[in-house]
Amino acid sequence: EAKKSGGNSWAFYQPDFANTTEHMFKLENALRQALQNHEFFIHFQPQFDLTHHELVGVEALIRWEHPELGMVSPAIFIPLAEEIGLVEDLDAWVLEEACAQLRLWDIAGFHVPRVSVNISAHELDKLDLVERIKQALVQFRLAPQRLQVEVTESVLMRAPERCISVLNLIRNQGVSVAIDDFGTGYSNLVYLRGLPLDCLKIDQSFVREIGASPAADTLIHAIIAMAKALDLNIVAEGIETQRELTFLAEAGCHYGQGFHMGRPMAPTDLKACYPSAIGAHKGTFANSFSDS
Ligand code: C2E
Ligand code: MG
Ligand code: MG
Ligand code: MG
């Protein structure tokens, strides 16, 4: 059963009739039923301090397992959910579940400093999100510093004014904001400076290019220098090798996540992988892979 191998090693549902009208119709109907049928769950990917190797947080990533279709990738159903107006409900569910999980870990004495949730574009022009965040923090007794929201760069390009006011309201509560997939959009320095941000996540396409050419390496250095000039925390996404990790740490990148340190995983697996975080203030990934 695919479920046992965990994280991204799953074979996601990829039918040969994908993208046909019939298929999309079927998928759409299935998606409309999925929340009430409890077909969603969350995997958490650990994020680490790249110099001290401490667990600094987790990213909540939604997963959908349909009884017949099997696992469907968020890269497929999130855009579909946006299209049919369901993504708000999904993001609301993830926010609440992720906060509930953090609270459960707290109670169990497992110290996960922060959870980061992905927020779709479609919500940033609504005040509901601000209210939902407030409620979740109160309900699960979490300090606002325990929560981060991630918005993609392309989102911020599309509706800046409205987004900025919502992001300001979120940050005023003490919740931090990260710009996700940085480098895939068209942000320039001046524009970025005007955004209410705490953190910049370097897209994994840049990480994948490390060592491929001097130009690629220079580009990463430039992004890091720029983020530092703007006083942003930096998280590198998609670190798959020790070489990428070493390069990023030496380049001054603060934080990172990727298959090399930990895949997105079920809450119980995360707890089992990072036992050093239990009863201590910080977990480390030193014991999670051999070549560190
Ligand atoms: P993202 O927010 O940029 O998340 C990172 C993606 O990279 C995740 O894919 C993660 O599993 C994958 N990843 C992490 N480390 C590595 C690595 O070392 N190598 C490779 N190749 N991949 C890695 P996933 O879980 O399939 O999610 C895809 C996208 O779907 C996310 O990109 C995010 O934009 C969206 N998404 C996921 N969950 C949610 C959600 O709850 N709400 C919304 N609105 N979007 C979500
Ligand atoms: Mg993200
Ligand atoms: Mg990303
Ligand atoms: Mg992405």
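The legends below describe several close-up views of one predicted model.

Residues are numbered from 1 along each chain as its sequence is written, and chains are lettered from A and ligands numbered from 1 in the order in which they are written. Because the model is predicted, local features need pLDDT of at least 70 and side-chain atom pairs count only at pLDDT 80 or more, while totals for chains, interfaces and linings use all residues; side-chain values use heavy atoms, with hydrogens and water left out.

**View 1. The magnesium ion (ligand 2) and its protein donors.** Glu59 (OE), Asn118 (OD1), Glu150 (OE) and Asp180 (OD) coordinate this ion at 2.0 to 2.2 Å, where donors are N, O and S atoms within 2.8 Å of the metal (3.2 Å for Na, K and Ca), and sites may look incomplete because water is not among the atoms. Along the sequence, the donor residues of ligand 2 show the spacing E-x58-N-x31-E-x29-D. Distant parts of the chain are linked by the pair of asparagine 118, in strand S4 (residues 115–118), and aspartate 180, in strand S6, which are 62 residues apart; strands (E, at least two residues) and helices (H or I, at least four) are DSSP runs numbered from the N terminus. Asparagine 118 has a relative accessible area of 25% and is therefore partly exposed, a class that lies between buried (under 20%) and exposed (over 50%), for a 1.4 Å probe and protein chains only.

**View 2. The magnesium ion (ligand 3) and the bridging aspartate 180.** Aspartate 180 counts as buried because its relative accessibility is 5%, whereas aspartate 181, at 24%, counts as partly exposed.

**View 3. The surroundings of ligand 1.** Ligand 1 is surrounded by 24 residues, of which the closest are Arg63, Asp91, Asp180, Glu240 and Phe259; a residue is near a molecule if one of its heavy atoms lies within 4 Å of it. A nitrogen atom of ligand 1 is 3.2 Å from a polar backbone atom of isoleucine 62. One oxygen atom of the ligand is 2.8 Å from an N or O atom in the side chain of asparagine 118, and an oxygen atom is 3.3 Å from an N or O atom in the side chain of glutamine 204. The elements that give two or more residues to the shell around ligand 1 are strand S2 (55–66), helix H2 (74–83), helix H3 (87–107), strand S6 (176–182) and helix H8 (204–208), and the largest share, 4 residues, comes from S2.

**View 4. Positive phi at histidine 53 and at aspartate 231.** Most residues other than glycine have a negative phi. Histidine 53, in the loop between strand S1 (40–49) and S2, has a positive phi near 60°. Aspartate 231, in the loop between helix H9 (214–229) and strand S8 (233–236), likewise has a positive phi, near 65°, and its relative accessible area of 69% is why aspartate 231 is exposed.

Definitions and conventions: Polar contact = N/O pair within 3.5 Å; in protein donor to acceptor, adjacent residues only side chain to side chain.
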